[in-house]
Amino acid sequence: MKKYFALLSSAALLMFLSFTGFDCASTEMTSAKLYIQQKNYDKAIEALQKEIAKNPKSDEGYYTLGLLYADREDADKMVTNYTKSLEISKKYEKDIKVSRKAFWGNCFNKAVAAFNKAQSAKNKDTSVMYFEKSAALFNSGIKAEPDSADTYKNLAYVYFNLGKNDEAIAPLTKLVSLKNSADGFRSLGQIYYSKGADAKTAYDKSKVAADSLASLEFFNKAIAVLEEGKKSNPNDQDILVLLSNSYIAANKAEIAMGTFKEGVEKDPENKYFRYNLAVLYLGKNEYANAEEQFKAALKIDPQYLNADYNLAVTYVKWGVDLQKKADDAGKEDPAIKEKYRTALPYLEAYVNTKKDDAPTYELLGKVYSVLGMTNEATAAFNSADKIRNK
């Protein structure tokens with residue numbers, strides 16, 4: 001977070017007195033200035049309220065009230081009175097801009113301090129308290145300076161730390177409207193994508209149509225945000241991956257494939273682009289293309305377990321398809337066992353690391369069985385049973 005330094009409102013009140021003096025003022029304005037000089041701000045506010053009641057066109061009265069409320073860190077009343085002063089005349093426009101900037105800077109600094117205390121707090125309740133305080137201060141600063149992109153960005157971070165992702169949507173939406181921030185687009189897209197995934201999970205459990213519709217709506221919102229982000233940040237890999245995943249989730253696989261192909265062209269050493277493109281090819285039963293991309297991902301990162309597993313699945317599905325074609329033709333095809341044999345080292349690599357994955361052990365057992373490796377098949381099935389019976 002950036003830090004800003006600001007003049008305090010009390011100093012602005014003293015400057016106000018030094019420049020305005022007491023000449024040609026109404027009784028109420030004169031009284032208000034005396035009370036300010038005496039630092040009796042409650043009485044000053046009473047006098048100013050009488051002033052604007054008697055003289056609704058008192059630009060000075062509203063301006064001075066704004067200063068007093070700024071000193072009290074009351075953003076709403078400060079803004080209201082400054083706005084009314086400017087509606088009457090532009091006499092105090094420059095001073096109001098300075099005051100609002102100072103108010104914003106003061107809020108920003110205090111918000112940063114509260115954020116830092118929240119992060120260093122050892123007690124969860126204390127941490128939450130400081131995060132809430134930070135959010136309130138950033139929101140006050142926004143009222144004074146509504147076009148500060150950094151304030152919206154930092155406010156969103158606070159909400160993330162509070163686990164209030166939904167509340168982060170508004171500041172992130174404002175952030176990307178003010179500034180083509182890759183961080184803003186990524187974060188906002190991720191929120192919508194996660195909400196879509198949650199709704200899809202709910203649908204899978206309940207089969208309630210409303211959950212399915214909500215899921216699609218959120219995925220489409222993610223797509224809209226991320227497509228806009230891609231326009232201004234065409235080389236951002238995270239935006240591209242998240243956009244492609246959103247396409248897939250929204251059943252727009254063909255569009256997703258084009259996006260991942262573009263990603264591979266721009267960044268051929270990106271294992272995630274390679275992997276996701278391979279998954280799409282696998283979904284279309286384009287086994288040779290899937291094999292090529294999974295292998296490319298594993299060349300980039302030999303420890304990429306998901307690529308190990310899905311490359312093995314590619315060979316197994318390929319073997320199943322070849323078996324079906326051979327059965328239909330009434331012929332034998334030696335390529336069938338070769339596909340299963342090729343799958344073995346990738347499945348073995350996967351279970352050697354993920355030792356608690358029962359479904360993969362079962363798949364491994366089936367591959368051993370097809371290859372006539374009875375002892376190995378029995379051991380794999382037994383491992384799956386042990387995991388499930390824990």
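Visitor: In which helix is A214 found?
Guide: Happy to start there. This is a predicted model, in which local features need pLDDT of at least 70, side-chain atom pairs count only at pLDDT 80 or more, and totals for chains, interfaces and linings use all residues. Residues are numbered from 1 along each chain as its sequence is written, and side-chain values use heavy atoms, with hydrogens and water left out. Helices here are DSSP runs of H or I with at least four residues, numbered from the N terminus, and A214 is found in helix α11.

Visitor: Is S215 buried or exposed?
Guide: S215 also lies in α11, which covers residues 209-232. Buried means under 20% relative accessible area, exposed over 50%, and partly exposed in between, using a 1.4 Å probe and protein chains only. Because its relative accessibility is 6%, S215 counts as buried.

Visitor: Which residues is S215 in contact with, leaving aside its neighbours within four places in sequence?
Guide: Contact means heavy atoms within 4.5 Å. With those neighbours left aside, the partners of S215 are G196, A199 and K200.

Visitor: How far apart are the C-alpha atoms of A214 and K200?
Guide: A214 has 22% relative accessibility, so it counts as partly exposed. Along the chain, A214 and K200 are 14 residues apart. Their C-alpha atoms are separated by 8.1 Å.

Visitor: What is the reach of α5 from its first C-alpha to its last?
Guide: Helix α5 runs over residues 75-88, 14 residues in total. The expected span of a helix is 1.5 Å times one less than its number of residues. For α5 the expected value is 20 Å, and the actual reach is close to that, at 20 Å.

Visitor: Which helices are included in what covers the buried residues of α5?
Guide: The buried residues of α5 are A75, M78, V79, N81, Y82 and S85. Their cover includes α4 (59-71), α6 (93-120) and α7 (124-144).

Visitor: Is α4 roughly parallel or roughly antiparallel to α6?
Guide: Two packed helices are described by the angle between their axes and the distance between the axes. Axes are lines fitted to C-alpha atoms, for helices over the stretch in contact, with angles running from 0 to 180 degrees between N-to-C directions; under 35 degrees counts as roughly parallel, over 145 as roughly antiparallel, 65 to 115 as roughly perpendicular and the rest as oblique. α4 and α6 pack at about 10 degrees, with their axes 11 Å apart. That makes α4, relative to α6, roughly parallel.

Visitor: Which residues of α4 and α6 make the contact?
Guide: On the α4 side they are Y63, L67 and A70. On the α6 side they are D95, I96, S99 and F103.

Visitor: Which residues touch the most other members of the largest nonpolar core?
Guide: A nonpolar core is a set of buried Ala, Val, Leu, Ile, Met, Phe, Trp, Tyr and Cys residues joined through side-chain atoms within 4.5 Å. The largest one has 113 residues. The residues touching the most other members are M78 and F294.

Visitor: What does F294 contact, leaving aside its neighbours within four places in sequence?
Guide: One of its partners is A278, whose C-alpha is separated by 7.7 Å from that of E292.

Visitor: How far apart in space are D42 and Q237?
Guide: D42 lies in helix α3 (residues 41-54). D42 and Q237 are 195 residues apart in sequence. Their C-alpha to C-alpha distance is 56 Å.

Conventions
Helices (H or I, at least four residues) and strands (E, at least two) are DSSP runs, numbered from the N terminus.
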